[in-house]
There are 4 protein chains.
Amino acid sequence: MMKTLHKQKNAGTGQSISASPLPFFKEINQEGTTKLLTDLSEKTGKQFPRLTNTGVDPAQFNGNIENFIGISQVPTGVVGPLGVHGTAANGTYYVPLATTEGALVASYHRGARACLLAGGITSICLQEAVQRSPVFKFENLSDLSLFVSWFLAEKQSFQPIIDSISRFAKLIESKIQIEGNHLTICFEYYTADAAGQNMVTICTDAICRFMIDQCPIKPSHWFIEGNSSGDKKATAHSFHHVRGKKVTAEIELSGAIVSEVLKTTSELMDRYWRTSTMGVIQSGAIGAQGHYANGLAALFLATGQDVACVAEASVGITRMEANKDGSLYASVTLPNLIVGTIGGGTNLPTQRECLALMDCLGEGMSIKYAEIAAALVLSGELSIAAALSAGQFTQAHQKLGRKKSI
Amino acid sequence: MMKTLHKQKNAGTGQSISASPLPFFKEINQEGTTKLLTDLSEKTGKQFPRLTNTGVDPAQFNGNIENFIGISQVPTGVVGPLGVHGTAANGTYYVPLATTEGALVASYHRGARACLLAGGITSICLQEAVQRSPVFKFENLSDLSLFVSWFLAEKQSFQPIIDSISRFAKLIESKIQIEGNHLTICFEYYTADAAGQNMVTICTDAICRFMIDQCPIKPSHWFIEGNSSGDKKATAHSFHHVRGKKVTAEIELSGAIVSEVLKTTSELMDRYWRTSTMGVIQSGAIGAQGHYANGLAALFLATGQDVACVAEASVGITRMEANKDGSLYASVTLPNLIVGTIGGGTNLPTQRECLALMDCLGEGMSIKYAEIAAALVLSGELSIAAALSAGQFTQAHQKLGRKKSI
Amino acid sequence: MMKTLHKQKNAGTGQSISASPLPFFKEINQEGTTKLLTDLSEKTGKQFPRLTNTGVDPAQFNGNIENFIGISQVPTGVVGPLGVHGTAANGTYYVPLATTEGALVASYHRGARACLLAGGITSICLQEAVQRSPVFKFENLSDLSLFVSWFLAEKQSFQPIIDSISRFAKLIESKIQIEGNHLTICFEYYTADAAGQNMVTICTDAICRFMIDQCPIKPSHWFIEGNSSGDKKATAHSFHHVRGKKVTAEIELSGAIVSEVLKTTSELMDRYWRTSTMGVIQSGAIGAQGHYANGLAALFLATGQDVACVAEASVGITRMEANKDGSLYASVTLPNLIVGTIGGGTNLPTQRECLALMDCLGEGMSIKYAEIAAALVLSGELSIAAALSAGQFTQAHQKLGRKKSI
Amino acid sequence: MMKTLHKQKNAGTGQSISASPLPFFKEINQEGTTKLLTDLSEKTGKQFPRLTNTGVDPAQFNGNIENFIGISQVPTGVVGPLGVHGTAANGTYYVPLATTEGALVASYHRGARACLLAGGITSICLQEAVQRSPVFKFENLSDLSLFVSWFLAEKQSFQPIIDSISRFAKLIESKIQIEGNHLTICFEYYTADAAGQNMVTICTDAICRFMIDQCPIKPSHWFIEGNSSGDKKATAHSFHHVRGKKVTAEIELSGAIVSEVLKTTSELMDRYWRTSTMGVIQSGAIGAQGHYANGLAALFLATGQDVACVAEASVGITRMEANKDGSLYASVTLPNLIVGTIGGGTNLPTQRECLALMDCLGEGMSIKYAEIAAALVLSGELSIAAALSAGQFTQAHQKLGRKKSI
């Protein structure tokens, strides 16, 4: 199972490996990029003609990347239109998906088509909040309780601190969690149309510094994030609560649509759903869904979201139920859609165009974006469950996937 | 909390929304792409100059995308070199990261530098397996048990079926799971240097068809995947077991390196680790780690991996311990690195170059790739924990991040 | 692995097994008990001299049991005194533990002794709430949203309904959770000194009937409990939030006490804690603790609590940290202590005496009880971690356990 | 939320509380018990007439309890007979339940009656194993890998060590888990008819001492249990795998039985199951079930099992499905039934009689016991789901429960 390793003799001494680090260039400039590429070519003997053939001015990526060497290219397809009835999304939307996985776009497109024929998906953003959770460690519970008393009396005075920093951030709530002499305060913010992780960090940092400065009882240590906010990871708490946008979407498909577009029956879909829900429970997943990650990763990538947030966004619950009249009810609930339409990568060249294609570029668009995203995810759940229920899954991958050397 | 919706009157009738679906083009060709882009421009009034300015022949993306409209561009930086002592990786490696999140490359680069100075990271691939888990439903437990008896007697005869389909796939094990009259068989494969999800689907489908054909007892239904294999989701079972490659990596940093490169102390790192582990347990995460998703999403994107697998790959355990001599022990364990160096998006233009930069392109490279990936992740865990332990986290994002409109 | 079963031929027909059910006696009376015991002896050939030798008037068990046949006897030991500094518990308490597991009382007694020598345990009840979570299913999200709007406007009017039913119950909060067309409302109550599961059921039922009656939009179905309240099961949500009482307890033990009473060192305890926390994370537990269930099951049994609630009460977080001066900090946090000092089994003969022994019988005592329970649990965590850290664990079970036929 | 505490000034000094510990009596004897009771009465002013009115010779509890002061009495009812078709259980069984929760016995009895009328429950023990999981910490991964190599070559030689200790224990498997420089070895045993936790501790301790003695590479530390075996806690791993006995049970009830005995319909049961499964997923439970803990706690208590194991035994999956002919399929799967019919409390006076009532006393009976237990649990799941589906739940508790002061 495991090959024996020679002992890592010189750990910590720096002698076993003589290489020196690459230079580091925070700002993008031609000189730095050339220096990096020359170094890399010398050291690896490789050339990077495609990566460096960007056709764009690299300077526009400043602030989004360091040690810039080029541009990765990901093929992008389109699905839709998605018909969406929401609180902000209302109408038909074309959705760009960037992926290298054959059959993915085709599958989501099929689901979207079935839902469009059925009159569109109801998709509602239920709740919004982004968290930052500093943790304070005290000598003992007595000190902690004095600090908490001070905090509870003072917590109404934090919004002005935030206002002095951010035009957008609003403190929704600050909830305490005590574990022995550890106090975690979960600060929950409304971050408008930004995904908001940096915004909440900076605001929370200011509040914490104010508290440390003002409160007569000082913690022995504190950290701006105690790793309980669910940042970049699937957690049971974020799944139950909200992180970013919480959206639910539903559709009712007639028996005819299920049969003609999805090539299966409502009864088979219901049966597959029931069986697969038992399976996902056995696997110890958080929530119960099929492949949210596929659609979300491709959408996030095309539209300048933080792709690492797929880790937390890809949880939720999918439900399917056959009705007596042969129709099918299906819904998805995504509590952790941490997305934005300003900030992050949303303003970069292709990303802007993809957001614009969805009519979601800029301020006032993030709820619409989230509602479309949930509708997309529902389309994908329907399509994969149809394929699996009717035995089409394997064939779809054989036909549409790249001829892989298997 | 929730705005009242007008009733979705015409659900299922197709009347409420009159739009027609986009045409669908499985193969990439100029005509199809032009048709799609024209349609989209007409319907949305938008233009897509950057997305379509690909500078490459789109035909090479055939099999990786459908309904192709262009190419998404993601800025890419480099970190390293990472010093790695593994079973397949041995030496120094330059790692490309594609991301739009400012400060990410800088943070991983800093961690890599500290580890290089310390003599390099020990990183070992411990185990490999990719699963496909069909589920069979029987009339009752008696039928199920007869089927199981037949299966147990027959299971040695499946490898020849696989051999007739795939040059690479080897059946490692097939484990049964019974829940009432549901039987799940988890087929575990060695998939060589491919990530392997399609390979295991096709092989398992063939085995299932053989079983259904040959076994005198027939299930009332069966599905090629019962949603228990952990595909595209974080699960407690995959975390405990393996999905793709299971890798652990460790480093010992001297007190001097912790202080000079990471700008903190081993004691603070230890304290932060302890406190944050309590936090992540409280959040109900699977495993206990900081931000594996950041490094993995950027690496997967640059190197043609299935980015949706960030959902499952971003689980594991990070551990940090201060030693009495002031040095710091740190390790990461990633049980679900589902990665490949052939197939999928690995052969596309920029992706090939990025794999080549890591010296990981092609056959015989996937274990090396996984060991470098784990080393990268360890670098990132060290860097973020250092920043959080010493109060640098907020400032790093303020300095390096794009001036966001907060 | 599995023996083949003969087919269960007559399932559903009643013919395969000809036995008739036992008679059913809701009320306890001599005639009924005699009838049951006679039947059982006839059918099984067994006698029950000890079970029926109750020495008490069975009538006092009316309302706590049906189909009464006798009394189970469980040997009971005492530990303590526990020194407790809490919000309600303050002083020294003797704690009765009913168990059949040798070494359990000894282990908790040792931990209690160490903590008493250290000046007593700080134990604080942080929060109280008992939940009942009815679920309402609607035609679609539009109907659901109209119902929610009505509910949000009306929710302040529920307390009078409750007041007409219960002297004690106070509605703390009612939180909605939406999943497609499913609406769950989690009603959280303060239940004074009763564990309160029945109280919250009856109150919630009344509120639900009022809502169904009054709201112009009706659900297509509703159920008084949608299985999300955490009743009788460990859940990530109850662990993060509260169910019953949430209590945290801490102690600081000098190096001398650790050495003399616990026969180990603070450093070893710290190291064991760190290592075992990694282990429990790997196992996919909810929270991270050692053996809360041992102390709680024995305490619940002796004092008339609902022993089935061990399922939910036995989650939490234990933390241990060596200080530089050789002392040891330790804490436990139990968010799901669903306990009472009135109602349930608290008024039965031996149970009353055991509650009285703890000075916790009757009204106004439940918070004190919870604080003592947490202190007990902390004693047990210290004792087992000491044994495991110093290699005493196996021997303790060999010496103190019944000479088991191994 | 939290009252401010006065500072716990004298923690660690022993001065704040002046009480002295109770004396400790490992062996039960009249003198010791009298001494304890006298002390307790003096200190608390309470008397314990019922607790001490045991009517039995306390000496028979030696080895099951320390610091003995008396006997707790729990009222006990009977349900059944349960009709069971299993691999070891075959026929009709009367099941004793010790509880103080009104309505519990009635509910399980109703479920048992429905299943008896339907021809009995199929209940099959699928697998058996009890784990002990020592953890070994090494300097680094290199040392760890050398130890693993030695272990893998040597693992076939452990059974003789076990044979010299135990007549019953058989080592099924020993699986390694690596996390950085931590090596956990999960030893899995067959423990015959004992629950076996002590047996596996003693055997594993002997194997570990052999390994430490013989292997040229020594760990820097090791602990006999790294808290990953699932002992006394619900874990995702034990749920997926097995701990103790793994049993599944199923029944098919005709529409007439559902209607006449359970007072509901199969369709309502199906609907409730579906809805409640969504609820329990939202709560973040391990598995998906209703109230296994109720039946198991009462059964374990009556029959001398370790009641603390309710924490781990109360996980599993319940499934219910309406068939087109109006009948209902239902199943339960319990992977963690850690039970025995010898050892522990099984030989105590009332416990013996209760095991004998089930025809499960002594050697060769544990699989039968587990199959009956699963059938009991299925009866309880059916009864509670029937009550909840048809709106009887609240009334049942109002009618059968003790008139509680609500």
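# A guided tour of the chains and their interfaces

Begin by selecting Asp205(A) and Arg209(A), which both lie in helix α6 (residues 197–214) of chain A, 4 residues apart, about one turn of the helix; helices (H or I, at least four residues) and strands (E, at least two) are DSSP runs, numbered from the N terminus. Show their side chains, and Asp205(A) and Arg209(A) are seen to meet in a salt bridge with an N to O distance of 2.6 Å, where a salt bridge is a side-chain nitrogen of Lys or Arg within 4 Å of a carboxyl oxygen of Asp or Glu. Over all chains, the count by this rule comes to 83 salt bridges.

Before going on, note that this is a predicted model, in which local features need pLDDT of at least 70 and side-chain atom pairs count only at pLDDT 80 or more, while totals for chains, interfaces and linings use all residues. Residues are numbered from 1 along each chain as its sequence is written, chains are lettered from A and ligands numbered from 1 in the order in which they are written, and side-chain values use heavy atoms, with hydrogens and water left out.

## Two domains of chain A

Next, colour chain A by domain: domain 1 covers 80–125 + 246–396 and domain 2 covers 134–223, with bounds that come from an automatic or database domain assignment. The centres of domain 1 of chain A and domain 2 of chain A, taken over C-alpha atoms, are separated by 36 Å. Their contact (heavy atoms within 4.5 Å) takes 12 residues from domain 1 of chain A and 6 residues from domain 2 of chain A.

The area buried between these two domains of chain A is about 620 Å², with 49% given by carbon and sulfur atoms; buried area is the accessible area (1.4 Å probe) that two parts lose on being put together, summed over both. Select Ile338(A), Ile342(A) and Glu363(A), which supply 53% of the area that domain 1 of chain A buries against domain 2 of chain A, more than any other three residues.

Across the interface of domain 1 of chain A and domain 2 of chain A, the rule finds 0 salt bridges, whereas the count of residue pairs in polar contact, both at pLDDT 80 or more, is 5. A polar contact is a pair of N or O atoms within 3.5 Å; within protein, one must be able to donate a hydrogen and the other to accept it, and residues adjacent in sequence count only if both atoms are side-chain atoms.

## Chain A against chain B

Now show chain B beside chain A, and select the interface, where 173 residues of chain A are in contact with 174 residues of chain B. Chain A and chain B bury about 14,500 Å² between them, 61% of it on carbon and sulfur atoms.

The count between chain A and chain B is 2 salt bridges, and a pair to select is Asp359(B) with Lys46(A), which form a salt bridge with the closest N and O atoms 4.0 Å apart. Between chain A and chain B there are also 48 residue pairs in polar contact, both at pLDDT 80 or more. Strand β1 (residues 68–86) of chain A gives the most to the side of chain A that touches chain B, with 18 residues.

## Chain A against chain C

Across the interface of chain A and chain C the rule finds 4 salt bridges; select Arg319(C) and Glu179(A), which form a salt bridge with the closest N and O atoms 2.9 Å apart.

Chain A can be laid on chain C with an RMSD of 0.0 Å by a turn of 180° and a shift of 0.0 Å along the axis, and the two copies are thus related as by a two-fold rotation axis.

## Backbone stops

Finally, select Gly80(A) and Pro81(A), where the peptide bond is cis, with omega near 5°; Pro81(A) lies in strand β1 of chain A.

How values were computed
Least-squares fit on C-alpha atoms with pLDDT ≥ 70 in both.
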